[in-house]
Amino acid sequence: MHTPHHTQADTLDPEDWGALRAQGHRMLDDMFDYMEQIRSGPVWQPIPDSVSAEFRLPLPQQSGDIAAAHETFMRSILPYAVGNAHPGFMGWVHGGGTPVGMLAEMLAAGLNANLGGRDQMPIEVERQVLRWVCELFGFPEDASGLFVTGTSMATLIAVLVARHAALGPEVRKLGIAASGKRLTAYTSAGAHGCIAKMMDIAGLGADTLRMIPVNAHYEMDIIALEQTIAADIAQGHIPFFIAATAGTVNTGAIDPLGDVADVAKRNHLWFHVDGAYGALAMLSPKIAPRLAGLEQADSVAFDFHKWGQVPYDAGFVLIRDRQQHFDTFSSPAAYLRRDTQGMAGGSPWPCDFGPDLSRGFRALKAWFTLQVYGTEKLGQVVEHTCEVAQYLGLRIAQTPELELLAPVSLNIVCFRFRCSDPDRINAEIVVALQKSGIAAPSATTLDGKLAIRAAIVNHRTNKGDIDALIQATLALGAANIAS
Ligand SMILES: Cc1ncc(COP(=O)(O)O)c(C=O)c1O
């Protein structure tokens, strides 16, 4: 039955849809302009005090004007974002986003779907993306998976499923201590800090994670891994989890995934792959063979918002054993009662596979991105970023004032300006580069040396941006020495 059409003054919908429509079109146009003209502005600029002051005002009580809020966004928010959509952004590991992803996000916001559960097409979209991920990674069709905020949350879910597999269902009621078992886990010294953090949050303790040394290519040393596992077993520990990395955050190294899979199998350990950005190298037929072994993982954590260029946030966790995944998180509740028909159908629901009950429609922007660009084009983007990184490595090798600090494995380049007191000066160069608005790398420490670190993730970054980075680095380095 339809309710008759009439305007209600007490809803949040506009009285004048026409005016809002025109306002919406202006907002959309502004964002198209932002993306189309992104090169013409700086990557980043410091936030003036007067701008931050605008966001220290009291809670508004009276209705405001959307046009005024939009004007504030354009003037005081948009110019002072971190700038990862800009081709000169090379810091940390940030994707560039796409206009298609932006539009999909708008559709998802309009639909306002809650993907915790129930029988609805948005969940079918998420299941479609899951099947595509299984196909891409060589996983069985019945593997399970879920969109989450990012690889950090995906890692927590993987650790909890592995913990459940090691300790059995009792752990959910009695906690870890009741088992009396001392679990240990393994990753490389080059691994991301989220793995130790999730060991802590999962109640296992960050110290249960053994940091295995790396070789000259910053890849996990397999012999050291086996020796550490053997030593732990001899001391009465119970090894349960190995996290290999496909694309480390510092240098882009890929651990020998096939060898790690073998060690995991021999010792009956859970084999997890942190593929935060690197797993999507599977999109490139050229690079994919270097990830051989990924298809054997028990779990993979990765982000569509990095190399996949999907707008933030769009992390994903993939788990081989659907039953184990379900058993780790499903929690019956009367108000979440399932049915075979009606809206309460479609069980199991996403909330049975993770900690979240209410969940947004992240899947739509990933579905649109895959549907519109296709894996060939997205794979070419991955390859292109690696070629741009190789070009930066080459330019560094040809420039006597610069020194490469690690081999360029994928898309990350660590280097520095040669000088006395290099740690201080290179840290200053990174800050000055960011403030210049020309190029924005970040800094890291490699073997005790401060490195300028450029991660080429954004599909818009090209060789001209690398030339600008080199030129600005040399100028700032020379000026720093002179001063
Ligand atoms: C290798 C690696 N693992 C984990 C993470 C954490 O991912 P997220 O920021 O999506 O939680 C990152 C982030 O850059 C990463 O590079």
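Here are some notes on this predicted model, from the overall fold to the ligand site and a few backbone details.

1. A word on conventions. This is a predicted model, in which local features need pLDDT of at least 70 and side-chain atom pairs count only at pLDDT 80 or more, while totals for chains, interfaces and linings use all residues. Numbering runs from 1 along each chain as its sequence is written, and side-chain values use heavy atoms, with hydrogens and water left out.

2. Overall fold. You will find 14 helices and 11 strands in the protein (DSSP runs numbered from the N terminus: H or I of at least four residues for helices, E of at least two for strands). The C-alpha trace spans about 75 × 65 × 45 Å along its principal axes. Of the 483 residues, 48% are buried (buried is under 20% relative accessible area, exposed over 50%, partly exposed in between, with a 1.4 Å probe and protein chains only).

3. Taking contacts between residues at least 6 apart in sequence, 74% join residues at least 24 apart (a contact means heavy atoms within 4.5 Å).

4. The ligand site. The ligand is surrounded by 13 residues, and the closest are T151, S152, D274, D303 and K306 (near means that a heavy atom of the residue lies within 4 Å). By type, this shell divides into 4 nonpolar, 6 polar and 3 charged residues (Ala, Val, Leu, Ile, Met, Phe, Trp, Tyr, Cys and Pro count as nonpolar, Asp, Glu, Lys and Arg as charged, and the others, Gly among them, as polar).

5. Cis peptide bonds. The bond from Y312 to D313 is cis, with omega near -15°, and D313 sits in the loop between β6 (299–303) and β7 (315–319). Another cis bond joins S347 and P348, with omega about 0°; P348 is in the loop between α11 (322–329) and α12 (362–397).

6. Positive phi. N112, in the loop between α4 (99–111) and α5 (121–137), has a positive phi of about 55° although it is not a glycine; at 64% relative accessibility, N112 counts as exposed. Y218 has phi near 65° and lies in the loop between β3 (209–212) and α9 (222–234), but Y218 is buried, with a relative accessible area of 13%.
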